[in-house]
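Thanks for coming, everyone. Please take a look at the structure on the screen, and then we'll walk through it.

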Amino acid sequence: MKRGLQYYFSKQRMEIFFLKDCVQGFQGEIRIVKPGFFEKFLFPMALAYQNLPGYRRRLLPNLDEEKLENKIQRRKDIKLFQQKIAGIHLEFVRPPKFSNPALLKDPIDDRLIIDEVQQRFKLQITKNHLLSMVNKITTYGQFTLQIENYYSPELQDYTTFQITVVTKKPIMKVQKLIDEVSTKDEQNKDESKEKLDQKVVKQAKEKETQK
């Protein structure tokens with residue numbers, strides 16, 4: 001054990017509290033960190049102190065516990081919101097247009113995308129947020145759309161983020177159709193072979209009778 005440091009938990013982890021707001025935490029917030037991180041960075045920079053009995057109250061006598069809890073909760077809300085918007089991926093399976101297989105039979109419009117985002121991700125976006133979508137999506141592929149000026153209660157501010165939209169052909173149905181056609185072809189081949197065999201046998205019997 002190094003002189004001047006008494007690890008509160010173990011040599012692998014220790015409990016500290018922050019002396020001021022910083023990237024790693026808020027003033028008064030108690031965290032578990034590695035001793036090396038505390039010794040080499042937090043303590044030399046006067047950002048944190050080891051959470052020994054009575055030290056937190058002594059060094060931070062005017063700490064507002066309620067305000068601290070609100071800041072920690074808001075940070076959690078922000079993190080959850082960021083995770084939510086980072087994973088918005090919409091996938092639409094649509095049959096192709098008969099006259100042009102490269103086009104969707106039923107194009108994807110902004111109303112459909114808005115409904116999907118509202119129902120699946122619980123984000124109340126509107127057409128005013130989806131100004132980047134000028135035209136309907138009429139082809140197959142991957143598209144990136146921008147949600148603009150969305151007010152997030154978690155962030156308590158307006159933000160802009162992106163969503164991904166993918167359009168695909170109904171592969172399973174197409175594959176099923178191919179399999180059905182292949183099966184019919186095999187059946188037709190078998191029937192043709194059987195008829196040919198029957199014809200050969202019939203001709204052979206007729207020749208035998210003529211003899």
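Which residues of helix α1 are buried? Before I answer, one caution: this is a predicted model. Now, α1 runs over residues 35-42, and P35, F38, E39 and L42 are buried there. Look down the axis of α1. These residues cover an arc of only 130 degrees, so they sit on the same side of the helix. What do they pack against? Three strands: β1 at 14-18, β2 at 30-33 and β3 at 48-50.

On to the sheet. Here we have an open sheet of three strands. The order is β4-β8-β7, and the pairing is mixed. Which strands stand at the edges? β4, residues 89-93, and β7, residues 141-152. Each has a single partner strand, so one side of each is left without a neighbour in the sheet. On average, neighbouring strands of this sheet are turned by 25 degrees against each other, ignoring direction.

Strand β8 covers residues 157-168. The two pair in the antiparallel sense, over ten bridges.

Helix α3, residues 65-86, lies across β7 and β8. It runs at about 30 degrees to β8. Then there is helix α4, residues 110-121, which packs on the sheet. α4 touches β4, β7 and β8. Its direction makes about 125 degrees with that of β4.

That's my tour. Over to you.

How values were computed: Residues numbered from 1 in each chain as written. Predicted model: local features only at pLDDT ≥ 70, side-chain atom pairs only at ≥ 80, totals over all residues. Heavy atoms only, no water. Buried < 20%, exposed > 50% of the residue type's maximum accessible area, 1.4 Å probe, protein only. Helix = DSSP H or I, 4+ residues; strand = E, 2+ residues; numbered from the N terminus. Arc of directions from axis to C-beta. Contact = heavy atoms within 4.5 Å. Pairing = 2+ DSSP bridges. Axes fitted to C-alpha atoms, helices over the stretch in contact; angles between N-to-C directions.
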